[in-house]
Amino acid sequence: MTQPLRLYELTGADDSCRFSPYCWRIRLALAHKGLPVETVAWRFHEKEAIAFSGQGKVPVLVDGDQCVSDSWTIAEYLDRQYPERPALVGDASLKATTRFINQWVADSVHPALARLILPDVHGVLDEADQDYFKRTREAAFGVSLEALAGQRETSLQAFRDILKPLRSTLAVQDYLAGEAPAYADHIVFRRLSVGADRQCPGVAGPGRSHHRLVRADARRLRWRCAPGTRGSRAVGRCRA
Ligand SMILES: N[C@@H](CCC(=O)N[C@@H](CS)C(=O)NCC(=O)O)C(=O)O
């Protein structure tokens, strides 16, 4: 494999504001595998740019003549395609647990975090995306973005409560995957780091105590992934 892989990632009005946790977990997955990647900034209104993938969401990964979408499918693909490199979802037993974490994050952590950050995300989007984002997210959550902004304190407490099993687990073991980080950790870590991003200062995360958790996680992962994402520069390395 000589050609870098290509990863389509959601971005705000500013090209460097890449806030999608689904895309970031694939960045981490590629770094974990040590695979070079070129990222392509993608916005909600650019559906035709990823139409070749047969669906309308990112992340989309292009690897030579192969195209894969959906973060879980991409992680499985990378393990299948690059078995000689460090495993992401791993053997059958780790994979089963990782699938649960993937689902827990999608069903519980993501909606709770979304209620906190959607109003800010709307503010950092390209103008051409803002109406679509407001309409679809308000329909999905059954509440206006303005009302969500007014419920921040309640949403923050709910979010912290949801993270309790994560805090308890990481108090007694270094990684969700066991002795070394794997895809289970990548799924969760980037979800938590929303709002701790220097690239997206317009998106306020869950606050300082939460940032302490993120910093602790960053140390756990020995996070070395260079944040530079402007244009389609390659992603840095992650020594996890
Ligand atoms: N199950 C998918 C979810 C991906 C997803 O929801 N992506 C969002 C960005 S975070 C998206 O592309 N949304 C497009 C839209 O809402 O039109 C995965 O795990 O990759």
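In the predicted model, D70 counts as partly exposed, because 18 C-beta neighbours lie inside 10 Å, whereas a buried residue requires 20 or more. The backbone at D70 has a positive phi of about 80 degrees, although D70 is not a glycine. D70 is found in the loop between β4 and α2, and the residue also belongs to the group that surrounds the ligand.

P59 is found in the loop between β2 and β3.

The protein as a whole contains nine helices and four strands. Along the sequence these elements follow the pattern β-α-β-β-β-α-α-α-α-α-α-α-α. Of the 240 residues, 38% count as buried. Among contacts in the protein with a separation of 6 or more, 67% are accounted for by residues 24 or more positions apart.

The four strands form an open sheet with the order β2-β1-β3-β4 and mixed pairing. Strands β2 (37–42) and β4 stand at the edges and have a single partner strand each, so one side of each is left without a neighbour in the sheet. From one strand to the next, the twist averages 20 degrees.

Pairing within the sheet was examined strand by strand. β1 and β2 pair in the parallel sense over six bridges. Strand β1 (residues 5–10) also pairs with β3, here in the antiparallel sense and over three bridges. R6 takes part on both sides: R6 stands opposite V62 in β3, and the bridge partner of R6 in β2 is E38. β1 is mostly covered, with five of its six residues buried. In a regular strand the side chains alternate between the two faces of the sheet.

Strand β3 (residues 60–63) and strand β4 (residues 66–69) pair in the antiparallel sense over four bridges. In this pairing V60 stands opposite S69 in β4. The hairpin of β3 and β4 has two residues between the strands, and G64 takes a positive phi near 60 degrees there.

Helix α1 (residues 21–33) touches β1, β2 and β3, and its direction makes about 155 degrees with that of β1. Helix α2 (residues 71–81) packs on the sheet through contacts with β3 and β4, its direction making about 140 degrees with that of β4.

In α2, the residues S71, I74, A75 and L78 are buried. Seen down the axis of α2, the buried residues fall within an arc of 100 degrees, so they line one face of the helix. The face of α2 turned away from this buried side carries the exposed residues T73 and R80.

Helix α1 includes W24. W24 is buried, because 25 other C-beta atoms lie within 10 Å. The C-alpha atoms of W24 and I187 are separated by 8.4 Å, although the two residues are 163 residues apart along the chain.

With 14 C-beta neighbours inside 10 Å, Y132 counts as partly exposed. Y132 touches F44 and H45, not counting residues up to four places away in sequence. The C-alpha atoms of Y132 and H45 are separated by 8.1 Å, the two residues being 87 residues apart along the chain.

Key: Residues numbered from 1 in each chain as written. Predicted model: local features only at pLDDT ≥ 70, side-chain atom pairs only at ≥ 80, totals over all residues. Pairing = 2+ DSSP bridges. Axes fitted to C-alpha atoms, helices over the stretch in contact; angles between N-to-C directions. Contact = placed C-beta atoms within 7 Å. Near = placed C-beta within 6 Å. Buried ≥ 20, exposed ≤ 12 C-beta atoms within 10 Å, placed from the backbone. Arc of directions from axis to C-beta.
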